[in-house]
Amino acid sequence: MIPKTYKEVIDLGDGREISIETGKLAKQAHGSVVVQSGKCMLLCTVVSNYKAADVDFLPLTVDYREKFAAAGRYPGGFFKREARPSDGEVLTMRLVDRVLRPLFPKDYHSETQVMIQLMSHDPEVMPDAMAGLAASAAIQLSDIPFETPISEVRVGRINGEFIINPTLAQLAESDIDMMIGASADSVMMVEGEMDEISEEEMTEAIKAAHEAIKIQCEAQTKLAEAFGKKETREYEPERADEDLAKKIHDMAYDKVYAVAKAGSSKHERGAAFAEIKEEIIASFSEEEVEDFGDLISKYYSKAEKAAVRDLTLNEGLRLDGRKTTEIRPIWCEVDYLPSTHGSSIFTRGETQALATVTLGTSREANQIDMPSFEGEERFYLHYNFPPFSTGEARPIRGTSRREVGHGNLAQRALKGMVPEDCPYTVRVVSEVLESNGSSSMATVCAGTMALMDAGVKLKKPVSGIAMGLITDTESGKYAVLSDILGDEDHLGDMDFKVTGTADGITACQMDIKVKGLSYEILVNALKQARDGRLHILSKLTDTIAEPNTDVKDHAPKMVTRRIPNEFIGALIGPGGKNIQELQKETETTIVINEDPVTEEGIVEVLGVGSKGIDAVLARIDAMLFKPEVGSIYEVKVIKMLDFGAVVEYTEAPGNEVLLHVSELAWERTENVSDVVNMGDVFDVKYFGIDPRTRKEKVSRKAILPKPEGWEDRPKRDNNKGGNRDNRGRDNRNKGNRRDDRNRKDNNKED
C-alpha cells in the first residue's frame, strides 16, 4: 500500500510550478522531500546524530549529486559508476552550505548530513536552483534545531524583465545569472555573473529574487504543519560562564584595542594577540585552565572580535592602520615567466597571485559531462591555494571545494570579456603565493594582466575587490571596509566580492551574516566597492594598458579556415594519413570540427612559426582550387606519359590535370618529350569538362599562335550515312536482325 503523502505547490507565476512532497520516500531519514518541477525531481534527505561530536564547531556536510540514470545516460569511464563529484556538483554544494550553516545554533555540534540527488532530469529545468529549497524543506520536516526556512532561486533578465529560475535557453539570452539565498526576512547569499550591470540593477535583481523566496519559505511552513511539525529536539548546549566571560573581556579588551590600533603587519599583530592570550591564561591556576581552557579561548576570541569591531566603528581605523576606504599598496608585473604564453604577478598588501595563460586548440577545451549539462569550455580558470601562502604546513588532499569555488568566481568575472571570435582555447591558472584577504580577487586582477600579456584581445580589463561590513544594530552605526584582510573577513557582518570593468559589474559573491540588512546599506557598500575597483583597475592598466598586438614568439599562432563538407575526408585521408603527414611536415597541429548548423568543416591550424601554418593553408587552398573555364593558368610538368603530360597548377600544388598530347602544339606531336619535359613551367588554357572524355581539359596550343597557313580540319558530319556513324544503337542491325529472328519463329510454326 502506498503511504499517504503531503504536498505543497509553488506557482512561479508564468505557468510553471514547483511541488514539494513528503511521506513516500526515505522515511528513516530525519527529514526527506521530493522537489519537482516539470520532469526534474530532486530527493533531499537530512540526518543529524543525537549525540554531539567532540568538536567545537558544526560538522555539517552538504552533498549534491546528479545521477546519470536521471537523464537516461551511462557514466563515463571504465567502471561506469558515479565517482568523485564534478566541479558543477561541488559548486552547488557550496551554494547550499553557505546559506544553511549560519542558521544552525552556534552551540549545536552534532554530525549533520544533508544529501541531495537528482533522480529525474528535465532539459528545461536547471536543478541547482531548487537544491536550497529541497534542503531547507527536509530540515523543516525534522526535529533538528534550525532558525528559519530558507530557499534559493536563480534570477535572470531578458529585455529588462526578471525571470525566476530561467531555463538554460533563457539563460543564454539573459544579461544576469545570479543565485540568491534568503529567508523570508533577510538576504543571506548572492553569487553570479552579469553583463556589466550597475549597482542599482544588481540590487533590483536581488529584490525580485527575494520576493519569490518568500513564497517558497511560506510553502515549506505549510507543508511542515500539514505533515505534523515535530518538536525541536533537545541537545546539550555548550558550557557557559557569564562571570568568566566578563572577567576575560575586562582583561583583554583594552590591550587588544591598543594592538589593533597600532596598525601592525599580520605576523606582528598575530604575535601580539597571542601574547595577550597567553598572559590571560597564565593568570589562571593549572586546575582552572584544565577545567575552563576551552571557555577561556572562546571568551578571549569574543573579546578580541568586539575590540576590533569597536575600533573601526568608533574611530574608522582598521587592523593594519588603514581607513575604511583605503586600498593596500599594489604592485604588478607582466611577462615574468619566459616560457609561458602569458604571465603576470599581482600583489596587494600581503596577498599575491601569479597567473599564467596557455593557448591551445579546441582539442584542449574543458569537457563538461554532467547529467544536467553536456558541453565544453573554451575559456577556463584554475585556482590553487597551497598551504605556504598563509605560512602553514598542512596535508595536501587534492583540489578543495574552496579552490573550486574561488576559481569559478574568477572565471565568471573574466569570461564575458574574452571575445566570441577568439580562436584559441584559453586556460588561466592562478597560483596564490601569499594570502591575507581575497586571493580570488587577486586572481581576477592577475588573470586580466596575464591574458593581455598573452595577446588575448580582451574587450575590457577587469578588476576585483573584496569588501566587508561592520554594523551595530543598537546605535545604527555601520562601516563598509574596502579591500578586507583575512581577519576582517572573519569578524565582519558581510563579506562580498565584486568584479567588473570601468562600465559595470561582471561577477559577485556575497555572504551576509547580519539579519535584515537594508538595501540602502547594500547599495552604499556596492558603490564604495566600485570606487575601490576602479582604483585597482588603474593600477592594472598602468602596468599593461591594452592587450599585446600579437601572441609571443614562442606561443602558438592560430588560424581558422572553413572548408566545404565534401573536402573534410580528403584533408584527413584514409585512416588520418593525409593530416598526420601534413602535421609532421609542417610542424603544426591541425584540428577539424564540423559546424553543426552549416555542416562545414572548421579547420584549426596551430603552429609556433608562420611558415608551417602558411604551408598548411596553401595545401587547403590547393585542395579547394577550382579553375574557371576560359582562364589561363601557369602549370608545371610533374609526370611524363606516352599520351601526354601530367601538369600541376603552380598556384595550387597537388592539384593535377592531364595535358593530352593533342593539346601540346598545333603541329602533330609524335613524342611528348619533343615539346615538354619534366619540370617545365608554362601556361595552359582551361576548357572545363570535355563532353567526349568526361575529364577536365587543358590546352597549351590554344594560347599559341597558329602556324602560318594552318587550316582547321573540317568538322565531322555525324548525320551523314554510309560511314562508321551508322553503327549507332539506333542503326545497329536495323531491318536485318529483327527480321531474321521473326523468320525463324515463323518456320517453327510451320
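Guide: Start at the hairpin of S1 and S2: there are 5 residues between the strands, and Gly13 among the hairpin's residues has a positive phi near 90 degrees. Keep in mind that this is a predicted model, where local features need pLDDT of at least 70 and side-chain atom pairs count only at pLDDT 80 or more, while totals for chains, interfaces and linings use all residues. Numbering runs from 1 along each chain as its sequence is written, and side-chain values use heavy atoms, with hydrogens and water left out. pLDDT is the predictor's confidence in each residue, from 0 to 100; the protein averages 90, and 95% of the residues score at least 70.

S1 and strand S2 (residues 17-22) run antiparallel, joined by 6 bridges; strands count as paired if DSSP finds at least two bridges between them. Strands (E, at least two residues) and helices (H or I, at least four) are DSSP runs, numbered from the N terminus. Across the pair, Val9 stands opposite Ser19 in S2.

Now for the rings. Rings of Phe, Tyr and Trp (its six-membered ring) pair if their centres lie within 6.5 Å, with planes under 30 degrees apart called stacked, over 60 edge-to-face and the rest tilted. That rule gives 9 aromatic pairs. One of them is Tyr6 with Phe227: the centres are 5.6 Å apart and the planes at 85 degrees, so call it edge-to-face. Tyr6 belongs to strand S1 (residues 6-11) and Phe227 to helix H4 (residues 199-227), so this pair ties together parts 221 residues apart in sequence. Tyr6 is partly exposed, at a relative accessible area of 22%, and Phe227 is partly exposed too, at 30%; buried means under 20%, exposed over 50%, and partly exposed in between (1.4 Å probe, protein chains only).

Elsewhere, Tyr633 and Tyr649 also pair edge-to-face, because their centres lie 5.7 Å apart with planes at 85 degrees. Tyr633 sits in strand S25 (residues 632-641) and Tyr649 in strand S26 (residues 644-649), so that pair links parts 16 residues apart in sequence. Both Tyr633 and Tyr649 are buried. Ring pairs also join Phe104, Tyr108, Phe146 and Tyr235 into a cluster.
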